[in-house]
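Here are my notes for someone opening this structure for the first time. Have it on screen while you go through the points.

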Amino acid sequence: MEESEGDDLKSIWSSSESYHKRAKVECPSASDERTVASSSRTDTTAMFCQNFILNYTGPKDDDKDLTDDLLHVVFSFLNNVDLCRSAMVCRQWRVASAHEDFWKVFNFKNMSISVEQFENMCQRYPNATKVNVYGVPAVDELALKAATTLRNLEVLTIGNGHISETFFQILGECNSLMSVTIREAVLGNGVHLSHDRLHKLKIRKCTFRRLSIRCPQLRSLSLKRSNMILAMLNCPLLQHLNITSCHKLQDADIHSAVVSCPLLESLDISNCACVSNETLRGIAHACAGLRILNASDCPNISFKSVHLPMLTVLKLHRCERITSESISWIANSLALEVLELDNCNMLISATLHLSCLQSLSLVNCRKFTELNLQSTMLSSITIANCPALHRVTITSNALRRLALKKQENLTTLILQCQSLQEVDLAGCKSLSNTVCETFSDVGGCPMLKSLILDNCESLTEVRFCNSSLSSLSLVGCRAVTSLELNCSRLEQICWDGCDNLETAFFKPVALRSLDLGICPKLSALNIEAPYMVSLELKCCGALSEASIICPLLTSLDASFCGQLRDECLPAIAASCPLIESLVLMSCSSIGSDGFSYLKGLQNLSVLDLSYTCLMNLEPIFKSCIQLKVLKLQACKDLTDSSLEPLYKEGALRALEELDLSYGTLCQTAIDDLLACCTHLTHLSLNGCVNMHDLELDWGSGESTQEPAETSTNRLLQNLSCVGCPKIRKVLIPTTARFNHLSSLNLSLCVNLKEVDIACSNLVLLNLSNCYSLQVLKLGCPRLSSIFLQSCKMDEAGVEAAISGCCSLESLDLRFCSKISSVSMVRFQTVCPSLKRVFSSPNLLRDQRFASNVILNTPLSTL
């Protein structure tokens with residue numbers, strides 16, 4: 001560091017010996033800025049440079065990029081260190097940075113500056129008004145220099161060192177001084193300060209024995225955390241006094257010091273354990289205008305017989321003798337605006353009628369049971385962790401938000417709050433059903449918008465008639481069996497965990513979507529929601545009566561509502577004519593008669609009838625002519641003739657997606673469906689146990705199943721035959737005209753032996769877990785991904801299959817026991833487009849080469 005400082009000085013000297021028309025400006029880097037700001041030695045170098053440049057008289061700059069006035073404005077935003085750096089740029093900047101306007105504040109906090117340097121600065125700029133030499137070496141000498149040299153000094157900050165008594169004696173001669181701050185300093189045996197104009201004095205975290213202050217103009221005095229045993233004050237105009245954590249001051253000394261200040265407005269005696277009620281009463285008598293009092297952590301005070309009529313802020317945290325009787329004396333302070341009683345463990349109840357009270361805090365009051373509060377101005381109330389609280393009564397015209405979380409014994413809540421908008425009662429396990437009356441229109445919260453009753457386990461019947469409520473949360477209210485909401489503006493409701501709900505009525509509500517979750521006991525549902533577009537009734541197994549009046553509803557999911565009957569569908573179709581998606585999965589009680597009423601749903605495009613007992617699809621074919629998606633998973637009662645209208649009579653011409661997974665259709669019906677339904681784009685035949693082979697060779701002369709539509713291009717894009725155990729052969733030649741097929745999934749077809757596919761647009765082929773696969777022929781120029789996971793094909797078969805796939809990028813060969821590591825490079829040679837091969841090194845036969853094969857990495861790295 002010393003060498004770098006020497007190099008900096010040498011560079012400055014060398015630049016001064018040569019003449020330059022304009023100095024070159026080099027902006028320091030961000031790391032340099034941080035180094036200069038954090039290193040005291042670098043700051044010292046900056047001061048040396050500044051002193052040198054100010055005494056340097058070199059060649060004058062003929063040209064100026066910035067006018068002196070503009071430069072003056074720019075430099076007004078810089079601190080002392082930045083001004084020193086700027087002085088090194090050129091003569092114009094040096095002269096501009098030395099202007100007296102910029103050196104009225106000396107901020108050398110935690111800097112390494114010598115007495116000589118500081119004295120030089122004081123002599124050069126005698127009109128400085130603010131000085132901060134906290135944490136500098138020889139702080140006492142620098143403070144003396146500032147006090148004796150700077151005639152206009154107004155603000156002085158010192159500390160982190162030893163301060164002699166001489167300093168306080170000289171300080172009285174600084175006639176312009178207005179504020180002094182001394183922090184973390186050793187002041188010797190005593191501090192004797194006499195000053196006629198001083199307004200503000202802070203002596204914090206300092207060590208000394210006695211304090212004597214005579215300052216007739218002093219307005220603010222802070223002795224926070226100072227270690228002293230005696231304080232004598234002669235400050236008749238003092239308004240703010242802070243003696244927090246002055247542990248060695250005795251009760252009598254505190255009394256004597258405070259009562260000598262009759263104009264006191266703010267007093268902080270927190271953590272002064274010796275303060276008594278007598279002292280507090282004496283202070284109240286002597287300082288009648290006291291407005292702010294912080295007596296926290298004073299265990300001996302109870303506020304008995306203390307009368308402070310002008311008090312506006314009172315803090316009594318952790319005062320062990322504050323009781324209900326104390327509250328009656330506090331209530332006499334009619335101007336009180338802020339009251340904090342946190343951790344007052346002896347407080348049992350509080351009755352306050354304070355018209356000016358704006359904020360109340362009751363936290364960790366273990367024995368507190370009842371609150372009765374009336375205040376027209378109350379805007380903030382904090383009540384937390386009061387386990388014995390059982391009754392709360394609040395009257396306020398200004399309160400907007402109320403949170404009483406986890407008050408487990410709270411049983412009664414009475415509110416008269418005309419402006420209240422948000423209430424959070426989560427975890428109040430003892431709240432009864434009567435709380436609903438408090439939040440209804442007949443209650444006292446006409447502007448309520450949000451109500452949270454999560455985990456209120458004693459609620460059994462929830463009934464609200466509220467014209468302003470927009471959000472309601474009943475999460476975890478497991479005992480609720482009946483819900484009735486007449487809330488015309490309700491837009492959001494959460495009730496996860498209301499497993500025992502039996503009846504639910506929403507008339508009317510402004511909900512746009514509703515998910516009932518899992519309500520296995522819900523038997524009656526009545527919804528009137530003019531703006532609702534989505535409704536989910538999943539797993540309401542006992543639901544038998546449902547009245548749904550939602551004219552804008554587009555999506556209805558009634559999965560696993562096994563008790564819904566045919567009579568419900570006509571009413572739903574009439575009151576919800578815009579439904580586009582209808583899910584009736586596992587609704588086994590709805591039959592063909594009910595589906596005939598779906599004719600009224602002109603926009604119905606998605607219908608899910610999976611896991612039902614349907615035998616006749618004729619009503620659907622006639623009623624849902626605009627249907628685009630039809631799901632019939634596991635409809636095992638469908639016969640082979642059930643789908644004949646699709647491929648023989650041209651029913652559902654708009655149908656694009658058909659799901660027949662886990663059905664019992666025979667091979668002939670599936671072949672006819674694939675051959676004739678050319679408009680289908682997605683077809684799922686997963687788990688069809690009666691499908692033997694998938695031979696779509698309709699264009700050849702040998703085929704006996706050639707349909708009339710052989711010349712028509714089929715629109716099928718996605719074909720899924722996962723887990724069909726009887727499929728042994730898949731044949732899709734070019735003549736089958738599956739020109740749009742892009743995805744084919746044959747995974748888990750364990751008996752599949754031969755695959756021969758020629759599809760020009762096929763992109764993905766999944767043959768994972770086809771353990772019997774032996775022959776794979778591919779004529780798919782756009783195929784990019786092949787999955788052969790756990791297949792037992794050999795290397796030659798795979799090599800032959802991918803040789804014609806010029807766009808192949810990804811090949812999955814994990815758990816293929818017959819594929820060796822050496823083949824990986826051969827696969828890339830055969831298929832140059834191949835980028836990724838997924839393999840299992842632990843199963844490769846060539847263990848020495850396996851370490852060079854990395855999962856999911858390009859083959860070019862091998």
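1. The chain exposes about 37,600 Å², and carbon and sulfur atoms supply 50% of that area. Accessible areas here come from the Shrake-Rupley method with a 1.4 Å probe, and for residues only the protein chains shown count as cover. Of the 862 residues, 49% count as buried; buried means under 20% relative accessible area, exposed means over 50%, and partly exposed is in between (1.4 Å probe, protein chains only).

2. A word on what you are looking at: this is a predicted model, in which local features need pLDDT of at least 70 and side-chain atom pairs count only at pLDDT 80 or more, while totals for chains, interfaces and linings use all residues. Residues are numbered from 1 along each chain as its sequence is written, and side-chain values use heavy atoms, with hydrogens and water left out.

3. On to the overall make-up. The chain has 21 helices and 48 strands; these are DSSP runs numbered from the N terminus, with helices being H or I of at least four residues and strands E of at least two. If you take the contacts between residues at least 6 apart in sequence, 42% join residues at least 24 apart. Contact means heavy atoms within 4.5 Å.

4. Have a look at helix α10 (residues 251–259), where Asp251, Asp253, Ile254, Ala257 and Val258 are buried. These residues sit on the same side of α10, because they cover an arc of only 160° around the axis. The arc is that of the directions from the helix axis to the C-beta atoms. As for the cover over them, it includes β9 (230–234), β10 (240–242), β11 (266–268) and α11 (277–286).

5. As a reminder, an α-helix has 3.6 residues a turn, so residues three or four places apart point the same way.

6. Next, a pair of strands. Strand β3 (residues 155–159) is mostly covered, with 4 of its 5 residues buried. Its pairing with strand β2 (residues 130–132) is parallel and runs over 3 bridges; strands pair if DSSP finds at least two bridges between them. In this pairing, lysine 130 stands opposite valine 155 of β3.

7. What does valine 509 touch beyond its neighbours within four places in sequence? The contacts are Leu485, Cys487, Ser488, Leu490, Glu528, Ala529 and Pro530. Valine 509 belongs to strand β28 (residues 503–509) and is buried, at a relative accessible area of 1%. Its C-alpha atom is 5.1 Å from that of alanine 529, a residue 20 places away along the chain.

8. How many salt bridges does the structure hold? There are 19, a salt bridge being a side-chain nitrogen of Lys or Arg within 4 Å of a carboxyl oxygen of Asp or Glu. One of them joins lysine 145 and glutamate 119 (3.6 Å, N to O). Lysine 145 is in helix α8 (residues 139–149) and glutamate 119 in helix α7 (residues 115–124), so the bridge ties together parts 26 residues apart in sequence. Both ends are partly exposed: lysine 145 at 27% and glutamate 119 at 28%.

9. Arginine 318 and aspartate 297 also meet in a salt bridge (2.7 Å, N to O). This one links two loops 21 residues apart: arginine 318 is between β13 (313–315) and α12 (324–330), and aspartate 297 is between β12 (292–294) and β13. Arginine 318 is partly exposed at 39%, and aspartate 297 is partly exposed at 22%.

10. Glutamate 618 is partly exposed at 29%, whereas lysine 622 is exposed at 58%. Elsewhere, Glu461, Arg463 and Glu484 form a network of salt bridges.
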